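Please read each point with the structure in view.

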Amino acid sequence: MRSRRRALDELDEERLLRLVARGDRAAFDELYRRTSPWLAVRLRRRCADEQIVAEVMQETYLAVWRAAGAFAGSAVGGTAVGWLWTIAARRLVDAFRRRAHHAEPPAAAAERTVVPAAEEEALAGTVGGDVGDALRRLAPELRDVLQATVLDGLSVRETAVLLRLPEGTVKTRARRARIAMREALA
């Protein structure tokens, strides 16, 4: 067992994948040992939700186990780690899509109050002059989208979930808000 482990240590990831394609569990374990810490770090840089990262990791390595024979490798200019990352990135996008499709915005986000939000008060205090005036003159629906996408840094999908709008509407309103801001500041 120890000599087998030492032999696997000497193989590169592409050779390990070739063994995994033949059903070699020890090669799969070695590939996982080498690549999972790196893959988890890369996924965490793109997603702060540990549950999604764990789910994507599991789905990725399951896909690797099932489809290792499909890896074309250096014959087409690819690398084993690149192939692994491609699988993980696609699984992460799928997870985001599933979550956005089924997500409900937080109850606080759905409630509209008459009192200005703390963000609006802070924005009014920090963004002054012409920019502040232009922001305040924007229609509320345009200002909400602009605040979510630009100031809060949310993606179009996240903004759509938060504001309960279709993604196309978010894109249109963001474009209209930017045009209105340009005209106001010209």
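1. Just after helix α10, Arg164 adopts a positive phi of about 55°. Helices here are DSSP runs of H or I with at least four residues, strands are runs of E with at least two, and both are numbered from the N terminus.

2. On the basis of the note: this is a predicted model, in which local features need pLDDT of at least 70 and side-chain atom pairs count only at pLDDT 80 or more, while totals for chains, interfaces and linings use all residues. Residues are numbered from 1 along each chain as its sequence is written, and side-chain values use heavy atoms, with hydrogens and water left out.

3. On the overall fold: the protein contains 11 helices and 0 strands. Of its 186 residues, 32% are buried; buried means under 20% relative accessible area, exposed means over 50%, and partly exposed lies in between, with a 1.4 Å probe and protein chains only. Among contacts with a separation of 6 or more, 61% join residues 24 or more positions apart, a contact being heavy atoms within 4.5 Å.

4. The axes of α10 (residues 156-163) and α11 (residues 167-185) come within 9 Å and cross at roughly 105°. Axes are lines fitted to C-alpha atoms, for helices over the stretch in contact, and angles run from 0 to 180 degrees between N-to-C directions. The two helices, α10 and α11, are therefore roughly perpendicular to each other; angles of 65 to 115 degrees count as such, those under 35 as roughly parallel, those over 145 as roughly antiparallel and the rest as oblique. Val156, Arg157, Thr159 and Ala160 of α10 make the contact with Glu167, Val170 and Lys171 of α11.

5. On α11 itself: this helix has 19 residues and reaches 27 Å from its first C-alpha to its last, close to the 27 Å expected at 1.5 Å a residue. The expected span is 1.5 Å times one less than the number of residues. Val170, Ala174, Ala177 and Met181 are the buried residues of α11. They cover an arc of only 65° around the axis, which puts them on the same side of α11; the arc is that of the directions from the helix axis to the C-beta atoms. The face turned away from the buried side of α11 carries the exposed residues Lys171, Arg175, Arg182 and Glu183.

6. On α4: the 18 residues of this helix (residues 50-67) should span 26 Å at 1.5 Å a residue, and its end C-alpha atoms are 25 Å apart, which agrees. Its buried residues are Ile52, Val53, Val56, Met57, Thr60, Tyr61, Ala63 and Val64. Seen down the axis of α4, these buried residues fall within an arc of 155°, so they line one face of the helix. Exposed Gln51, Gln58 and Arg66 sit on the face of α4 turned away from its buried side. At the start of α4, a side-chain oxygen of Asp49 comes to within 2.9 Å of the backbone nitrogen of Gln51. This is a polar contact, that is, a pair of N or O atoms within 3.5 Å; within protein, one must be able to donate a hydrogen and the other to accept it, and residues adjacent in sequence count only if both atoms are side-chain atoms.

7. Which residues does Thr35 touch, not counting those up to four places away in sequence? They are Glu13, Tyr61 and Leu84. Thr35 lies in α3 (residues 25-46) and counts as buried at 4% relative accessibility. Its side chain reaches the backbone oxygen of Leu31 at 2.7 Å.

8. Ser36 is also placed in α3. With a relative accessible area of 10%, Ser36 is buried. Leaving aside residues up to four places away in sequence, Ser36 touches Met57 and Tyr61.

9. The side chain of Arg46 reaches the backbone oxygen of Arg42 at 3.1 Å. Not counting residues up to four places away in sequence, Arg46 touches Trp85, Leu92 and Phe96. Arg46 and Ala89 are 43 residues apart in sequence and 9.4 Å apart in space, C-alpha to C-alpha.

10. Gly69 is in the loop between α4 and α5 (80-102). Gly69 counts as exposed at 64% relative accessibility. From C-alpha to C-alpha, Gly69 and Gly23 are 9.7 Å apart in space, and they are 46 residues apart in sequence.
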